[in-house]
Amino acid sequence: MLSTMKTLRALMRSPQGAVGIVLVTLLLLISIFGPLLAPQDPESFNFGARFSPPSAEFLFGTDWFGRDLFSRILVGARSTVLLAILATVIGTASGALIGIFSGFVGGWVDELIMRTIDAIMAIPGLLLALMILTVLGSSSLNAVIAIGIAFAPGMARISRSTTLAVRELDYVSAARARGESKLWIIFAEILPNMVAPVIVEATIRVAFAIMTLATLSFLGLGAQPPSPEWGLMIAEAREHMFRSPWPILAPGISIALVAIAFNLLGDGLRDVLNPHSQE
Amino acid sequence: MTQTTVLDIKDYSLSYQTQAGPIRILENINLQIAKGEVLGLVGESGSAKSSLAYAVMRDSPGQIASESGSIMLQGEDLTQLADQDLTRRRGKQISMVFQNAATALDPTQSLGAHLAETLRAHQTDSTLDIQKRVYELFELVGLPDPELMAKKYPHEVSGGEKQRVVLAMAVSCDPDLILFDEPTSALDATTAVGMLDLFAQMQKKIGVAGLFISHDLGVVAEVADRVAVIYGGRVVEVAKVDDLFANPKHPYTQSLLASLPRPSDTRSKRGLKIDEGTPPPRRGDVPSCNFSHRCPKHDASVCEQSRVLLQPHEDRLLACARADVVVGETSASPSLIVPATADVVLEVKNLTVKLGRTSMLDQMLNKTPVQVHAVNNVDLQIHRGETVSLVGESGCGKSSLARALVGLGPFEGELLLNGRSVETLDAAYRADVQIIFQNPDSSLNPRHTLETILSRAIKLYRPEISAAERGAEIRKLLEKVRLPAHYSSRYPHQLSGGEKQRVAIARAIAAQPKVIICDEITSGLDAAVQASIVALLRQVQQDTDVALLFITHDLAILRHIAHRTAVMYLGEIVETRSVDGLDQRPYHPYTEALLSSASSPDPQTQTRRVRLTGSLPVRTARLSGCGFESRCPRRIGNICNEQPAPLRQVAQSHALKCHHETAELAKVEPVWKFT
């Protein structure tokens, strides 16, 4: 807990970190309280005000059914941001575990796991997610699982390489000489020391996850209408692009902001979690 | 001074900006180096000796908060120069020799290209034949076959050869000043003395001025004309080498020299002074004298009147307000090493360690794996309460032996603990044989508190201690290694180097072991800290009768800790002898070379020089003859590389492996002459 506070304080000192953490906190608040804050029902039609530009009544304007874009963004934040985070957590956790295990055990087990992962990594992430979705069927949750699985190989590589570096250090040798169990060595000796690069990578991946989720929804494989998921909103608004830009701009800019926020946070964390920068 | 001054540092101060406010790095430095002179700069780690070199190079690693004074090179103030002017002077007028040649050279460039690049960058004479000059330089630094050498890449040559290339780069443009930053610290003793000889030779030939930075006073004594002692960013004493070591005046210099082991210690029964004081204050109020808090002579009425600055005092410069006061020097405890018992605790018979893994592909292709013979048929006995030191250069297999003994690597051979043969290295064996690693920075998990670190060892080895009692046991352990009890909630990075090594010792003794293997545990520490760690180990040994296998490459410290020593070369123990008789011949030729290359600032001793040439044989094949044959100065002839050397028993606890008769080896000149 103490170290978390210290990390936060150090993070606030770097400009990217501070901006990143403020933006991400804001986003999380919106994801949680968005539906309560939304001034209107995101699915109610206002036929009198179709394609209206931003105004006092409709902050971000309205779409082709006259639905309030501001309310839709607020409500959609939950499914978009939280699902993206969930997908990243699944990918990071499974990838990191595979990576640590593979790196720690070494030998032919490591070879086998890593060559399999190489093979999976040869398939582009989106394509892999698409393949998984065709098996699982299309729904938001399945999209999350698909993205999680698609992320795992990359995380596995990163955590394996850090594990290999940490494994050679004397405190791991000391633990082995002491006769510690493998579980203790993996979870208490190695994991805390390799978690920093993995966390940094994960924050950057959140932005990827949002974009991939949006892409999947855009392709009709993630969230289904009339859900206010941001990617889906863009996909639907495409047909009406020439009548009003607002239905595309509002979710588009939101996605970009989220991506930037997490990237900044990732940059900040990379500096802060580097042990050389700690006093 | 009649000679021309090359470097003149006048009243130079520097402080860095950190998150916690400005921190004083250098304070009122006044130093002059004349043409053809080498000034040694010695100090413990953190004394800002490297910062001074970087300040002269105008390449500061930190964010400068304030800077004052001047650094004059040939009458030109470097602190006032613009960046591009500095670039032109670096390499041309000032050059630097770094500690670690392995990282100072670019692995993708050939050695010749390194030199050619430097020459080309500072070329003033367009008619200069760069290629020819490169060869000349290689010859100058004693590299054989320069044409072949220039084509090689850094990874193809040895550490000593790399350091020679770095030196060649430094002298390539005939600089006015060379800065040496611990140039021999990363090298083996026998390689390092070769480098020191080379420095001295080149110094005579080209007469360049040098600033030689080192924590090792012995090394500085070899090369420097004058020595400046730096403490906490202030120069406290500057004197001629011989004057300084024979008669140190500043209390810090005195304490530094008193904690340094010397070859004459066995004869004079001299103990090492333990003074592991706290570092000087670097923030807040500027103290008049920053050694006050540790100084035995400190007298507030004199020392705190005004800033104590470097002033001429008799034959030297001294920063001490009470230089003429002699305080009854608290003489260090004489080295009383409790004799060992006769019962054998750990016995190793015919132990062999081979390194190198066979990959699956190699197995499938039926390739014979390439294996390095790290340890070959080693026999070793350790008695209860005894310290056996295992000495040898890097790569001789001493760490491989240590790792095999604690179950960190496979080995062949027999292992007996308390007379019983050990089949598997089970928990009981692991509890009895503990290891302490060289570097406490990496042997203590940075994410664990000391409490976690120590409690794991207790939990695993002492199941009779309940979880509730562990806290009390941890406090007891910390007390045993003289650390305050409240340290248990700290993390390793909040401790100093010496304190970290104490924690590692506490972790080892938590298991109440029979044997502790100490793998170079004092190598990274300052002399004073080393002395205190050695004293602590002796105390532990006295209290618990534990046997120690003390692995080191530093021969000087042996006399203060070990009963017996085993000298290892290329995976074989070539000699075992008692430390009491270290001054007496015969020696194995390698032991002789090793002992003579341990430089030590001891005015009472003259060390004879034995220099090794030749290269190491390939480690992947078993040698038919003696391993030392290729570098041995006493090589007889073909018998040395055709037949393995016979084991010759000299005395009860003295045996060596050599083709020479022991009577013949006993006739060589002694390594040390004591006056």
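Start by selecting B:Gln203: setting aside neighbours within four places in sequence, B:Gln203 is in contact with B:Val38 and B:Gly210. Here, two residues are in contact if their C-beta atoms, placed from the backbone, lie within 7 Å. Before going on, a word on what you are looking at: this is a predicted model, where local features need pLDDT of at least 70, side-chain atom pairs count only at pLDDT 80 or more, and totals for chains, interfaces and linings use all residues. Residues are numbered from 1 along each chain as its sequence is written, while chains are lettered from A and ligands numbered from 1 in the order in which they are written.

Colour the helix around your selection. B:Gln203 sits in helix H8 (residues 189-206) of chain B; helices (H or I, at least four residues) and strands (E, at least two) are DSSP runs, numbered from the N terminus. The cut-offs are 20 or more other C-beta atoms within 10 Å for buried, 12 or fewer for exposed, and partly exposed in between, with C-beta atoms placed from the backbone. Now draw a line to B:Trp672, which is 469 residues from B:Gln203 in sequence and 26 Å away in space, C-alpha to C-alpha.

Next stop: B:Ala593, in helix H22 (residues 589-597) of chain B. B:Ala593 counts as buried because it has 24 C-beta neighbours inside 10 Å. Leaving out neighbours within four places in sequence, B:Ala593 is in contact with B:Thr190, B:Val610 and B:Leu612.

Now pick helix H11 (residues 251-258) of chain B. Since 7 of its 8 residues are buried, H11(B) is largely enclosed by the rest of the structure. Show B:Pro251, B:Tyr252, B:Thr253, B:Ser255, B:Leu256, B:Leu257 and B:Ala258 to see the buried ones. What do they pack against? Look for strand E9 (226-231), strand E10 (234-240), helix H10 (241-246) and helix H21 (527-544) of chain B.

For a helix pair, select H4 (residues 111-121) and H5 (residues 130-140) of chain B, whose axes come within 10 Å and cross at roughly 120°. Axes are lines fitted to C-alpha atoms, for helices over the stretch in contact, and angles run from 0 to 180 degrees between N-to-C directions. H4(B) and H5(B) are therefore oblique to each other (under 35 degrees is roughly parallel, over 145 roughly antiparallel, 65 to 115 roughly perpendicular, and the rest oblique). On the H4(B) side, the contact is made by B:Gly112, B:Leu115, B:Ala116, B:Leu119 and B:Arg120; H5(B) brings B:Ile130, B:Arg133, B:Val134 and B:Leu137.

Zoom out to the whole of chain B. You'll find 24 helices and 26 strands, and 46% of the 675 residues of chain B count as buried. The C-alpha trace of chain B spans about 75 × 65 × 55 Å along its principal axes.

Last, show both chains. The contact takes 16 residues from chain A and 19 residues from chain B. On the side of chain A that touches chain B, the elements giving two or more residues are helix H4 (107-121), helix H7 (170-178) and helix H8 (182-218) of chain A. H7(A) supplies the largest share, 7 residues.
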